[in-house]
Amino acid sequence: MASFLRGRAVVCLQARRATGLAPEKGWHSFRPKHVPTRHKVLGAMTDGAAAEVLLRLPNQTERHVVSAHERLKSEGYIIGVMALTRLLSMYTKCRCWGRAEECHQRLREITKGRLSVRSYNAILNMKAEEPDLQGAVRIWEEMTQQKIAATAQTYSTVMKLHKRLGRRDNAVKLYQKMLEDGVEPTDRVLSLLFGCCDPRIPGHMELAEEQVDSFGGTAALDPHCLTTFLGLLARSGNAHRAKHTLLEVDVRTLTPKEHAVMWTSYIGCFIHHPNLPELEDAYQLAAARLKQSADVFFYSAAIKAAHAVLLVVETDREAKRATAVGIAALRAAQKQALAEKAEPALLRNAIFWRNLFLLYEAAGNAAAAKTLYEYLERNNASVSAEAKASLQRLVDEQSRKTAGRSVPAMEVAVSSAAAARESAEADDLIDF
């Protein structure tokens, strides 16, 4: 037993030294949980050991992956099928297409064209990330000719490619083919299905509901899968179902971030299908449930939903109510950023401020938009080109309204009072 543990520890030591993580110490300095379980030969420089080194690489940027690859070769490790498959996946993640293709060709040389399903999946993933639909089709046909049975990962990779190319219906049809072939869907594939389903296409929502039931209901879905299902409900406008699904979730099984993302998906219902009373109730309910777990993405979604509602309301009273939701989200986001000392992160979030500019534009609140822009400039915040364009449109619209006409004294007084109120609203911004 002692020699067995010693052999495992030495393999781990070699793996950690190859990645630059381990000092030049003896095998006894490592705890058992750091030890690989698959390689038991003392001092082994096997293909499996090389794959283990790559698996433990902490930084998977192109520079680190290339460095680890070269070091493995220089130290005499065998770079075989396992290591090449791992390298192919890592280079694909780094979007280093040249090196990924080299690994692909090397795999074919070593195996003489008889690739495993794991290698095929890595190649398909490379084609999906490029994206190269024709190349993926060729690989799929080759798998069929080689009589390699597709796995759930194979289907999910090609579904991801169809989704990326905007071919959502094809992705859903591929999922149905997977079921016909008797392949059991995983949570990851089911999550991808929810992301591909389009409520406007007949049969998509029905398929999604059937799959949820087959998994044992929403309570049996993992957090990521449930979040994508809530996103599908948001796109379909089924806010009632999304709300009750969320209220049934056991919060104790979620991280604060997962909880916040789910409520953000729920608020997204009112971006796709604006409804002022439901948005007001939803924002209050979500804010009460999340408390300190709410993040900038939740508040940004609330502002975007308020903007969507503002575009469809018909009375000034409704417009003020919609704007109030957005302003409440702004104040809550800033107060939370101050409490958590996360002001720089909020200032760098260009999407958050863009949504606020669009809200002010829809409300016709030029004074608040100008004050917001000055505030962001003063704090060196990120202001997107879209936000600047929104401000410019608002200023131009205001100029057109006042250009070329004499303004009565009473209207000047009313306009000045309105501008003062708008400026007071804008002064609610917390200057960091």
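1. Accessible areas here come from the Shrake-Rupley method with a 1.4 Å probe. On that basis the chain exposes about 22400 Å², and carbon and sulfur atoms supply 52% of this area. The model under discussion is predicted.

2. As to overall architecture, the chain has 23 helices and zero strands. It comprises 432 residues, of which 45% count as buried. Among contacts with a separation of 6 or more, 67% are accounted for by residues 24 or more positions apart.

3. Helix H4 spans residues 81-93 and has 13 residues. From its first C-alpha to its last it reaches 18 Å, close to the 18 Å expected at 1.5 Å a residue. Just after H4, Arg95 takes a positive phi of about 60°.

4. The buried residues of H4 are Ala83, Leu84, Thr85, Leu87, Leu88, Met90, Tyr91 and Thr92. An α-helix has 3.6 residues a turn, so residues three or four places apart point the same way. The packing partners of the buried residues in H4 are helix H2 (47-55), helix H3 (62-74), helix H5 (97-111) and helix H6 (117-129).

5. A search of the whole structure finds eight aromatic pairs. One of them joins Trp140 and Tyr155: the ring centres are 5.2 Å apart and the planes lie at 75°, which is over the 60 degrees required, so the pair is edge-to-face. This pair links distant parts of the chain, with Trp140 in helix H7 (residues 133-145) and Tyr155 in helix H8 (residues 152-164), 15 residues apart. Both Trp140 and Tyr155 are buried.

6. Phe298 and Tyr299 also form an edge-to-face pair, because their ring centres are 5.3 Å apart and their planes are at 65°. Phe298 has 0% relative accessibility and therefore counts as buried. Tyr299 is buried as well, with a relative accessible area of 6%. Elsewhere, Trp263, Tyr266 and Phe270 form one aromatic cluster.

7. Met159 is found in helix H8, the helix that also holds Tyr155. With a relative accessibility of 0%, Met159 counts as buried. Leaving aside neighbours within four places in sequence, Met159 is in contact with Ala171, Leu174, Tyr175, Val189, Leu192, Leu193 and Cys196. For one of these residues, Leu192, the C-alpha atom is separated from that of Met159 by 7.5 Å, although the two residues are 33 residues apart along the chain.

8. His307 is found in helix H17 (residues 296-310). Its relative accessibility is 16%; since buried means under 20%, His307 counts as buried. Beyond the neighbours within four places in sequence, His307 is in contact with Leu358, Leu359 and Ala362.

9. A search of the whole structure finds one cavity of 30 Å³ or more, and the largest cavity has a volume of about 60 Å³. Its lining consists of Leu246, Leu247, Val249, Val251, Leu254, His259, Met262, Trp263 and Arg289. The elements that give two or more residues to this lining are helix H13 (239-247) and helix H14 (256-267). H14 supplies the largest share, three residues. Trp263, one of the lining residues, also belongs to the aromatic cluster with Tyr266 and Phe270.

How values were computed:
Residues are numbered from 1 along each chain as its sequence is written. This is a predicted model: local features need pLDDT of at least 70, side-chain atom pairs count only at pLDDT 80 or more; totals for chains, interfaces and linings use all residues. Side-chain values use heavy atoms; hydrogens and water are left out. Helices (H or I, at least four residues) and strands (E, at least two) are DSSP runs, numbered from the N terminus. The expected span of a helix is 1.5 Å times one less than its number of residues. Buried means under 20% relative accessible area, exposed over 50%, partly exposed in between (1.4 Å probe, protein chains only). Contact means heavy atoms within 4.5 Å. Rings of Phe, Tyr and Trp (its six-membered ring) pair if their centres lie within 6.5 Å; planes under 30 degrees apart count as stacked, over 60 as edge-to-face and the rest as tilted. On a 1 Å grid over the protein atoms alone, a cavity is a set of points where a 1.4 Å probe fits but cannot get out, and a pocket is an open set with protein on both sides within 12 Å along at least five of seven lines; lining residues have an atom within 4 Å of a point. Grid points are joined across faces, edges and corners, and a volume is the space filled by probe spheres set on the points.
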